[in-house]
Amino acid sequence: MKIIPIKYSEEKLIEQVKQQNRLAQKQLYDRFSPSLLSTCRQYIKDIHEAEDVMLVGFMKIFQNIGQYKFAGSFEGWMRRIMIYESIDFIRQKKQMHFTEDVNYTEEIHFENDSFYEVEAIQKLIDNLPEGCKVVFVLSVIEGYKHQEIAEMLQISVGTSKSQLAHARKLLQERIQTKDIINRHFK
């Protein structure tokens, strides 16, 4: 006898997960783990550590799914859990350091003819100092405002702004250096 898996609509899937249905939990994991791993990976350089954080995040999702009230995006709700888990992981490893309110105001302008693959950009972001990297990802990739970032990371708004400016400056310098190297060694 062949077992045919049942695919639930998102709302029904959530209700089934609330009832601790293992099949529904697996379907939820299978459906969302690639994008949520990507979220963790933006913050955590090592893929294995990012996977561990994602698994902890899924446990929190399963434990707290009753708190989701079908207001807003369910994927956004899960993504926020993954972001907090990633930040907590970095904090536990004591890797996140901030320079208090350094005034970086330089704007970043990338050349229009520059093209970078996603992996190359991710490597550049990975090599930023942790504090800068987390603020950069929260602001530029996730779209959080500085006030929200400051609350999440327990820093001042000024520190959030300066970390973002510093991250942009470092990325610009590294991209320009890479462009110069590529032009001279092709």
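Which backbone nitrogen does a side-chain oxygen of S73 reach at the start of α4? In this predicted model, local features require pLDDT of at least 70 and side-chain atom pairs pLDDT 80 or more, while totals for chains, interfaces and linings use all residues. Residues are numbered from 1 along each chain as its sequence is written, and side-chain values use heavy atoms, with hydrogens and water left out.

The nitrogen is that of E75, with the S73 oxygen within 3.3 Å of it. Helix α4 covers residues 74–92 (helices are DSSP runs of H or I of at least four residues, numbered from the N terminus). Its 19 residues reach 27 Å from the first C-alpha to the last, close to the expected 27 Å (1.5 Å times one less than the number of residues). Just after α4, K94 takes a positive phi of about 55°.

Buried residues (under 20% relative accessible area, 1.4 Å probe, protein chains only) of α4 include F74, M78, I81 and F89. The buried residues of α4 pack against α1 (10–18), α2 (22–43), α3 (47–64), α6 (130–141) and α7 (146–153). E85, in α4, is buried with a relative accessible area of 10%. Not counting residues up to four places away in sequence, E85 touches V53, V56, G57 and K60 (contact: heavy atoms within 4.5 Å).

The axes of α2 and α3 come within 9 Å and cross at roughly 135° (lines fitted to C-alpha atoms over the stretch in contact, with angles from 0 to 180 degrees between N-to-C directions). Residues meeting across this pair include L28, F32 and L36 in α2 and V53, M54 and F58 in α3.

Conventions. Helix = DSSP H or I, 4+ residues; strand = E, 2+ residues; numbered from the N terminus. Buried < 20%, exposed > 50% of the residue type's maximum accessible area, 1.4 Å probe, protein only. Polar contact = N/O pair within 3.5 Å; in protein donor to acceptor, adjacent residues only side chain to side chain.
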